[in-house]
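Have a look at the model first, then read on.

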Amino acid sequence: MTSSLFTDTDPAGRPAHGQGSELSESPGRFEVAFRPGPGAAASGAAAAGSEAGSRAGRITEISFDEESPGEMSLDDNNAERVQDAGQYSGQDGTGSGQAGLARLDKRVQAWIAEQGWQGLRPIQERSLEPVLSAASDVIISAATASGKTEAAFLPALSHVAAHPCQGTAILYISPLKALINDQFRRLQDLARRLDLSVIPWHGDLPWADKQAYLNSPGGLLLTTPESLEGFLLRYPLWCYRAFSALGYVIIDEFHSFVSNERGRQLLSQLRRLEALAHRTIPRLALSATFGNEDDMVQELRPHRQDYPCVVIKEPESRRPLMQLMAYLDVPPFLRSYVQERGLEQMMDDLYHMLQGGHHLVFTNSRARAELVASHLARKCRDNGQANEFFPHHGSLSRDLRQQLEQRLQAADTPTTAVCTMTLELGIDIGNMDSVSQLDAPNSVASLRQRLGRAGRRGSRQTIRVFLLEHFLLRNASLGDRLRLGLFQTLAVFKLLNASWYEPVESPRPHFSTLVQQILSVIGQYQGVKPSHLWNLLCATGPFAVSQEDFVALLRGLVNRKILCRDEESRELRLAEAGQIVTGRSDFSTAFSTPSEFLLENEGRVIGKLPLTEPLQKGMRILFAGRSWKVETLDEEEARIGLVPDNEGTPPRFAGSSQAVHDRVRETMYELYTSGAEPSFGNHTARRLFREGRKAFASMNLAKSSMVYERGRVHLFPWRGDRFCRTVAALLRLADLEANEAAGIIDVPCKSPQEFQTRLRRFLRSGKPSVQALTRGMQDRLQEKFYQLVEPELCDRDNAARFYERDEAWDWLESVAGQPCWIC
């Protein structure tokens, strides 16, 4: 480690906090000037900034003004080139696969030939021009194992090989360490041929390798947003030298960063890198699925609609083979009278369908994965065969997960992984013969991501859903009678066939992550003026926050003595408390892991549950196939006291952590009113479909949103989980004991008239404030840096995060005058 990079080192020889720097501003641009420490030479850079243009400005090209490097302007003479850019949208033209090879570096061509490829795949062919030009952002969307990784890396590597630079050439960002290791294995040989190093920077990389990269940054850096945060905060001068010539940023599994804290953090970091590099750096985003194209373009580069973005989307020409296998779970006391064998039959079918192949079976919980894997392993033992079925989830050790992943890659070793979301992202596990889903899928995009694991050799992709439904008893819930799990599965299948996926969530302030980035930027430069912070993070950055709210946020940080203001320079600096916050080992992580609460009944622990949604006393939760009422809630001890809820049995499939979108429930309604019996379902699935349609008609749900039965009003908005959660929360403000499960809001009351009288009285009182809606929310639900955010700002952010107040209020007003159907 040379003294020219860092002011000093710690006793272990690692670089200490980087020297200070400052941002200065001129119209349309940022200037970055570092305050050199002892022995460090001063350096400078600036980042391009420009006013946001029209939406149409994204699908064009730009030129750089040579007299003012980093200033960007639209090239008025680009009319013909603009149309050329459009041909790479993925809407037409597939390419031969051979024509583009000649445009790649000859060493890349030689590597491709050694892999036995006959040519480039269509999506790789279409990616060549926009990636090689390095003059636009590019979004490459295709199924898992379709070649989208190579579509980005092959032309990007060819470009940087033709334009050698000092420092890192390509920055690859991954949501998972496992993906970094996977890409390192795939890229190492090719990069070596191009005389480029590849550094998989994460916690497992030996310190000697890290120090070698810090001394001489170059080649490809594969890392996560958390590691990148550490670079920017602690080594600012080194970052300028390491990233000022950066050619590309490649973001893998981009959909996993959309609309969440980690995504805001990453986009802020990329904007900060451009401030160091004094220019726009092309972003290449890889994603298996996404909804609205314009939304994804905006997500990739917020507040910069003047920079072009090319979207290359692989057409989904292959329709998957779908199978729906439904079973009835019969209570023990009826099994001698009813032929249905439920879980036993489902395990038999799973075993016989999957035996001898390579498969993934996705479940909605870790407990479910363990249960199913143990059942199937026992069948192997009973048949005198070696076990082929293994669980895979986040609670298992890394070594156990890696052993199973290696086994999945072995073509001669039949293996089925019963997993949660841990195998949903694009870790290379080889070709899978089929993918199965246990219980109703909640998300179309998630099911498509999982489906991408199957049929990798050009064979037809196969997706099977196994549903275990309740046998209907006298006290069966409305959800079970409607067979909601079956109809939700059919709705997801229908939308999957139509290539519809959940869109980007509505924007919200993300005040917690904004606080983290404010502290990080100030720590990076040792002092920043408020106006410069605003321009960097909000005006040209990813945070959609008004100047008024931004000032309130800064004022709160000063009042809490996290920040202090230098009266002479007018800069904000880290106060002692702020230095403590940024010095913590977990500061670079923008998100917090959901807290697990112990679930207790009569002093006996019955399990654990992650707290991901607001919870109140009297609410019902679904756990282990049973309905419980929250009797006590001890947030400090992380304990929830439960009592059995005897008002019917909850729907079998309810309780998954993934939220259901409005469009899924709307499609369910359409299936109830006009849907055809599923030809791809087994006999039980078709029978349950008819049962559900009959129950829907008997409750008059085509004409009414309210059903009264056994002392309860049941509301059916046919909307997504967040909307239904908001309706229930509003009703609780009216002192009604409302609960929501599987899209049904359930309210105990003596009569429909009592419910409507109390509802109308509540509506006349006026729409409640967001503070009233979020009052009493558990501290453990707060995002990581909320304790540093003003309470009023937290309330607004939480309201946007969990609720849809205005739409839910309007719906309740419409319901107040509707007739209620009495069963």
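Over which ring does the charged end of Arg719 sit? The ring is that of Phe723, whose centre is 4.0 Å away. A charge counts as sitting over a ring if NZ of Lys or CZ of Arg is within 6 Å of the ring centre and within 35 degrees of the ring normal.

Before going further, a word on the ground rules. This is a predicted model, in which local features need pLDDT of at least 70 and side-chain atom pairs count only at pLDDT 80 or more, while totals for chains, interfaces and linings use all residues. Residues are numbered from 1 along each chain as its sequence is written, and side-chain values use heavy atoms, with hydrogens and water left out.

Now to the aromatic pairs. Rings of Phe, Tyr and Trp (its six-membered ring) pair if their centres lie within 6.5 Å; planes under 30 degrees apart are stacked, over 60 edge-to-face, and the rest tilted. The count here comes to 26 aromatic pairs. Phe487 and Phe689 are stacked, because their ring centres are 4.9 Å apart and their planes meet at 15°. This pair links distant parts of the chain, with Phe487 in helix H16 and Phe689 in helix H22, 202 residues apart. Helices are DSSP runs (H or I, at least four residues), as are strands (E, at least two), numbered from the N terminus. Both Phe487 and Phe689 are buried, where buried means under 20% relative accessible area, exposed over 50%, and partly exposed in between (1.4 Å probe, protein chains only).

Tyr669 and Trp718 make a tilted pair, 5.7 Å centre to centre with 55° between the planes. Tyr669 is partly exposed at 25% relative accessibility, whereas Trp718 is buried at 10%. One aromatic cluster includes Phe487, Phe689, Tyr669 and Trp718.

Next come the nonpolar cores: sets of buried Ala, Val, Leu, Ile, Met, Phe, Trp, Tyr and Cys residues joined through side-chain atoms within 4.5 Å. The largest has 72 residues, of which Phe243, Ile518 and Leu533 touch the most other members. Helix H17 (residues 511-525) gives the most to this core, with eight residues. A second, separate core of 53 residues includes Trp718.

Finally, the cysteines. There are zero disulfides, a disulfide being a pair of cysteine sulfur atoms within 2.5 Å.
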